[in-house]
Amino acid sequence: MAIKSDAPRAWQRMLSGRRLDLLDPSPFDIEIEDIAHGLARVARWNGQTIGDHPFSVAQHCLIVEMIMRQKFPSLSVEALMMGLLHDGAEYVVGDMISPFKSAIGADYKQIEERLEAAIHIRFGLSPHPSKALKKQIKQADRISAYFEATHLAGFDKQEARQLFGAPDGINEAELPIIPWHTGKAQEAFLERFHALHKKIET
């Protein structure tokens with residue numbers, strides 16, 4: 001007779017068949033197809049955006065990587081990959097808005113950091129970005145948030161500047177802010193990932 005454990009289940013089964021332990025994630029259980037599929041179906045801003053489709057984390061990640069190329073043109077391919085994957089953990093934990101993350105505290109951050117490390121190692125990257133690169137990713141992330149806030153989430157420009165800063169020096173016209181359907185977001189994310197990964201491997 002099997003003994004029933006009282007410990008709560010901490011793993012999630014992916015469509016690839018992998019079982020990813022959220023508390024102790026292994027790089028061997030991570031597949032980019034699972035990440036792209038999940039991120040394309042996770043909505044930014046808790047879904048409170050205009051348009052026929054939710055604005056996905058996958059599309060946001062692509063925009064952040066585009067902004068990094070504009071703002072920091074000398075970044076390495078590895079740095080750009082970290083930018084593309086900066087919200088990779090959200091394919092299993094979802095996109096919690098910043099106020100909620102603050103309310104939860106350090107436990108959530110530790111889970112997110114373990115997932116980040118496992119994702120990075122799986123694709124041949126350092127477990128975490130350097131302090132300098134983390135700052136650059138954050139700058140690009142806040143610029144993307146500014147454009148998302150003003151175009152999609154109902155913020156006026158003054159309020160968005162107060163919360164996210166001014167998007168200085170960024171060519172807004174090059175950024176795909178209009179929300180894509182999930183299939184397009186997933187395909188575009190995978191395409192950009194494979195383009196960067198090919199350069200890393202060579």
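How many residues does helix 2 have, and how far does it reach from its first C-alpha to its last? Helix 2 (residues 57-71) has 15 residues and spans 21 Å, close to the 21 Å expected at 1.5 Å a residue. The expected span is 1.5 Å times one less than the number of residues. Helices (H or I, at least four residues) and strands (E, at least two) are DSSP runs, numbered from the N terminus. This is a predicted model, in which local features need pLDDT of at least 70 and side-chain atom pairs pLDDT 80 or more, while totals for chains, interfaces and linings use all residues. Residues are numbered from 1 along each chain as its sequence is written, and side-chain values use heavy atoms, without hydrogens and water.

Because 11 of its 15 residues are buried, helix 2 is largely enclosed by the rest of the structure. Buried means under 20% relative accessible area, exposed over 50%, and partly exposed in between (1.4 Å probe, protein chains only). The cover over these buried residues includes helix 1 (32-39), helix 7 (131-151) and helix 9 (182-201).

Two salt bridges can be followed here (a side-chain nitrogen of Lys or Arg within 4 Å of a carboxyl oxygen of Asp or Glu). Arg 192 pairs with Glu 65, with the closest N and O atoms 2.8 Å apart. This pair links helix 9 to helix 2, 127 residues apart, and both Arg 192 and Glu 65 are buried. Lys 138 pairs with Asp 141 at 3.9 Å between the closest N and O atoms. The whole structure holds seven salt bridges.

Note on methods: Contact = heavy atoms within 4.5 Å.
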